[in-house]
Amino acid sequence: MHKTDIEPILKIAKESLQIEGEALLGLIPQLNDQFALAIQQVQKCKGRVVVTGIGKSANIATKLVATFNSTGTPAMFMHAADAIHGDLGMVQQHDVIICLSKSGETEEIKNILPTIKKRGNPLIAITGGKDSILAKNADVTILAHVAKEACPNNLAPTSSTIAQLAMGDALAICLLKLKGFSDVDFAEHHPGGSLGKALTLSVHSLLNENAKPSVSLNANIKDVILEISSKRMGATAVLNNNRLVGIITDGDVRRMLEKGLSFDKLTAEAVMTKNPLTLRHSTLAKEALQLMSAKGITQIIITKDEVYIGMVHLHDLIKEGLV
């Protein structure tokens with residue numbers, strides 16, 4: 001593609017981001033005591049947070065439900081169009097409802113308001129329509145007004161949906177911090193994937209019982225090289241009466257050869273690095289990765305009750321998706 005074709009495209013993209021960025025910053029002055037009241041409503045909630053909307057707002061609602069659930073606030077999605085055809089039955093007595101709507105005037109939203117009011121569920125509106133039917137019927141209204149959409153026709157929901165998303169995220173983060181939701185709590189909600197592994201996976205889980213390289217203190221260099229090669233860890237522990245006393249890496253062997261030392265007469269004791277770096281078996285894999293990166297090493301010895309139980313290589317961490 002020619003440069004003259006690229007520049008107009010980039011210009012449009014930059015303008016779009018500029019407009020949406022300004023829309024986000026424009027939310028800050030709109031924050032008031034209504035936002036704090038919304039937080040209090042959710043905190044008092046003995047049920048779930050039911051998030052609803054129509055069109056693009058419904059898409060944003062599903063994302064906010066996922067964010068609430070993952071950060072310790074039980075939530076569920078209800079499509080406003082389906083709500084008027086029976087799905088209102090999913091709303092229970094102690095639930096709080098959050099309704100997203102740019103205008104606050106869509107027919108589906110208007111149709112569910114009387115039933116919500118009749119049931120007495122607290123209703124939180126996130127809308128750009130300050131004087132809309134939704135705002136007037138809500139117990140709490142969080143304004144998310146935007147000056148214009150990024151769409152050049154000012155029609156396609158772009159800035160407005162970004163604003164809804166940001167306000168919803170702000171609610172979730174406030175709730176998270178106020179309830180002291182920790183990384184341990186986060187891990188319980190994210191047991192899968194690289195994120196869950198980073199928060200829960202210990203180095204002990206990575207150990208391969210068949211790849212536990214070790215040689216005795218007086219082992220000859222040939223045996224050392226064979227142990228390093230066969231166990232494919234790039235290193236071997238050195239033991240004296242089953243007590244860890246050192247480590248020999250493939251780099252140590254190369255440096256030995258470069259020095260021209262007598263191959264036949266050397267033992268593991270002469271080549272090893274004493275008092276090697278170790279980690280307890282319960283150490284998180286992500287902490288092992290941080291330490292290995294800081295020290296510039298590719299393997300580390302793992303111990304349990306100060307007894308050598310194996311070795312973890314950088315490749316093990318890569319295979320788990322932690323790098």
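A contact here is a pair of heavy atoms within 4.5 Å. The model is predicted, so local features need pLDDT of at least 70 and side-chain atom pairs count only at pLDDT 80 or more, whereas totals for chains, interfaces and linings use all residues. Residues are numbered from 1 along each chain as its sequence is written, and side-chain values use heavy atoms, with hydrogens and water left out.

Leaving aside residues up to four places away in sequence, Ser101 touches Ser57, Thr106, Ile109, Ile126, Thr127, Gly128, Leu134 and Gln164. Ser101 belongs to strand β3 (residues 96-101), where strands are DSSP runs of E, at least two residues, and helices are runs of H or I, at least four, numbered from the N terminus. Ser101 is buried, with a relative accessible area of 3%; buried means under 20%, exposed over 50% and partly exposed in between, with a 1.4 Å probe and protein chains only. Although 26 residues separate Ser101 and Thr127 in sequence, their C-alpha atoms are 5.1 Å apart.

## Helix α5

Helix α5 (residues 107-119) bends by about 30° at Leu113, with a proline, Pro114, following within four residues; the bend is the angle between axes fitted to the seven residues ending at a residue and the seven starting there. In α5, Ile109, Ile112, Leu113 and Ile116 are buried, and the buried residues of this helix pack against β1 (49-53), α4 (80-83), β3, β4 (123-127) and α6 (133-137). Just after α5, Gly120 has a positive phi of about 85°.
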